[in-house]
Each structure stands twice: as structure tokens, then as C-alpha cells.
Amino acid sequence: MKILVTGATGQLGSLVVEQLLQSVPASDIVASVRDPKKAEHLSAKGVEVREGDFARPETLASAFAGVDKLLMISTSPGNRVAEHQAAIDAAKAAGVSFIAYTSAPNAQESTFFLTEDHRQTEDALVASGITYAILRNNWYLENEMGTIQAALQGAPWLTSAGNGKVGWAIRRDYAEAAANVLTHEGHNNKVYELSGPLLTQEELAAILAEVSGKDIPVQQVDDATYEQVMKEAGVPADALPFVVGIQTAIREGSLAVESQDFAKVLGHPNTPLQEGFREILNQA
């Protein structure tokens, strides 16, 4: 059985491939990447590397040929819906029997600005008739790296998210969940809300303080102040609406999706965030 991972050299995709290598032969894994030269380390492990670029749909037919199961990792915002549709169409034409897709929390009902593309992709996947699993990943702890680094250097943990809660988990947990869905039975046409324990910014900062041994004060500000501070910190002007929008979405509850699905798919509890912070700090 051939299992293909798209974006296999990306932050999530590379971890999924690592997880798969622990449970299936390398010869059963296909890595779809935009630039095969960047995946030579996977070829060296026996993984088959193929060129597959969602922005160039003509590459997808050969990328997906002979594949049984596919992990479709969502691409970057922009032309995402069309790219995902092209991938679904190519998978169907290639006879792929199962697609797992990395979506967003509460994608069918959420007003989070990042969700619309995922909602349309979920609908397209269901409409395709291909057996699917939808993995609604909440938020990666690694997404907070900028705030973590600033706080460890003495700045306050700055946020405009108020009392909004987030289901943070480490990226490795999301990768393990995806690998499990691809290699175990019982996931056909399932939708999983993959969320860690719901925490506020203050609760997350307290865990970082515990792990680092440093005082991590939290400074709550309004969106305009947050935007100004991010601008002064060097965030590009075109990215400011994105970073502020995330804070707004958290404040409005878009990431406060409570679910036990993560532990169910993993087969064990999430990695404690204390351990997650330790991993991040060791890698920094």
C-alpha cells in the first residue's frame, strides 16, 4: 500500500514522514514535494520522492499515480481553494482511495478568517466521493515562537486575545495523529477536532514560566496597540492584519473548541505542554 504525504519537506509534513517510517516500510511511503532536490534526505532513507506542486496541477497526476492513501496538507492562503480542488481532482483521477486533510477548528461554522478556505475544501472533499478523514488542527505551540523568545528575553507576553482560549499542542502530536489516521483502520469519513487542553494566554505563559524558571508577565492590550508593537518589532506591513486577526479570533473564541478527539486518534494523551516547551527551548 502506497501512502503519500504532500508538502513532505514542510514543518508538518516532514514530521508525518518521520512518524510513518516508524510503522511502515519506507518503500510504502511517497513524499510529494515542490522541489525534489530538497528531499534527497528522504530518498536516502528509501522513501520515494516525487514532484508535486499544487500551484502546477499538471504535476499532480504523476505524483499521485499508484497511491492508495494521501495526506493533503493545506497550502498557504492565497489560491488555496483552487489548489486543493486540483489536488482532489487529481487524486480521484489517479484512483486514490483515501484522503486525510488538515483543516481548521470548527471549519463548517467558524467565523475565523482563516476558515473559509478550509470549509470549501472540506465540502469539495466530501463531494468527490473519495473516502476521507478531516483533521481539524487547532493551533501549534510552535506558532508562538516569536512571543516565547521575546518573553524569555525579558519582554512581557504581549497579547490582545483577552480571556480567549486556545487548544495548543505541539506539532509532533498533530503529525502523529495524521500518521495514525493513514495507517490504522476506523477513520473512514470521520471528522476530528484535534485540540489540546483549552488555555488562556495567562495559563500558557504560566507554563512557560514554570519550565524556564523566569517570570513571564502577561500584558493585555487592544488590537491597535498590539498591531503597533508588532510593527515596531519588524512584522511586515502586509502581515500585520494576519497576526492581529489571530488575536481577535482567539478573543472571540474561534479556537476554543473542546474535544477528546486528539487522545482518541493518538491512542494516548497529548504531550504535556511543559514537555512541549522544553522541546522548543532545546531547539531554539
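The model is predicted: local features need pLDDT of at least 70, side-chain atom pairs count only at pLDDT 80 or more, and totals for chains, interfaces and linings use all residues. Residues are numbered from 1 along each chain as its sequence is written, and side-chain values use heavy atoms, with hydrogens and water left out.

Start with strand β1, residues 3–6. Helices (H or I, at least four residues) and strands (E, at least two) are DSSP runs, numbered from the N terminus. Two strands pair if DSSP finds at least two bridges between them. β1 runs parallel to β2, and four bridges join them. β1 also runs parallel to β4, through three bridges. Look at Ile-3. Ile-3 stands opposite Ile-29 in β2. Ile-3 also stands opposite Lys-69 in β4.

Now step to β2, residues 29–33. Is this strand enclosed or open? Five of its five residues are buried, so β2 is largely enclosed by the rest of the structure. Buried means under 20% relative accessible area, exposed means over 50%, and partly exposed is in between (1.4 Å probe, protein chains only). Ile-29, Ala-31 and Val-33 point one way from β2, while Val-30 and Ser-32 point the other way. β2 continues to strand β3 (residues 48–51): the two run parallel and four bridges join them. Val-33 stands opposite Glu-51 in β3.

Strand β4 covers residues 69–72. Lys-69 and Leu-71 point one way, Leu-70 and Met-72 the other, and all are buried. Four bridges join β4 to β5 (residues 98–103), and these strands run parallel. Leu-70 has Ile-99 as its bridge partner in β5.

A UniProt record, an unreviewed entry, lists residues 7–184 as "domain: NAD(P)-binding". Such annotations may be inferred rather than shown by experiment; positions are given in the numbering used here, and feature names are shortened. Over residues 7–184 the chain is 39% helix and 19% strand.

Next come the rings. The whole structure holds five aromatic pairs. Rings of Phe, Tyr and Trp (its six-membered ring) pair if their centres lie within 6.5 Å; planes under 30 degrees apart count as stacked, over 60 as edge-to-face and the rest as tilted. Phe-113 and Phe-242 are edge-to-face, 5.7 Å centre to centre, with 90 degrees between the planes. Phe-113 lies in the loop between β5 and α5, and Phe-242 in helix α10, so the pair ties together parts that are 129 residues apart in sequence. Phe-113 is partly exposed at 41% relative accessibility, and Phe-242 is partly exposed at 35%.

Tyr-174 and Phe-262 form a tilted pair, because their planes stand at 45 degrees, with centres 4.9 Å apart. Tyr-174 is buried, at 1%. Phe-262 is buried too, at 1%.

Charges also meet rings. A charge sits over a ring if NZ of Lys or CZ of Arg is within 6 Å of the ring centre and within 35 degrees of the ring normal. The charged end of Lys-69 sits over Phe-98, 5.4 Å from the ring centre. Arg-171 places its charged end over Tyr-140, 4.6 Å from the ring centre.
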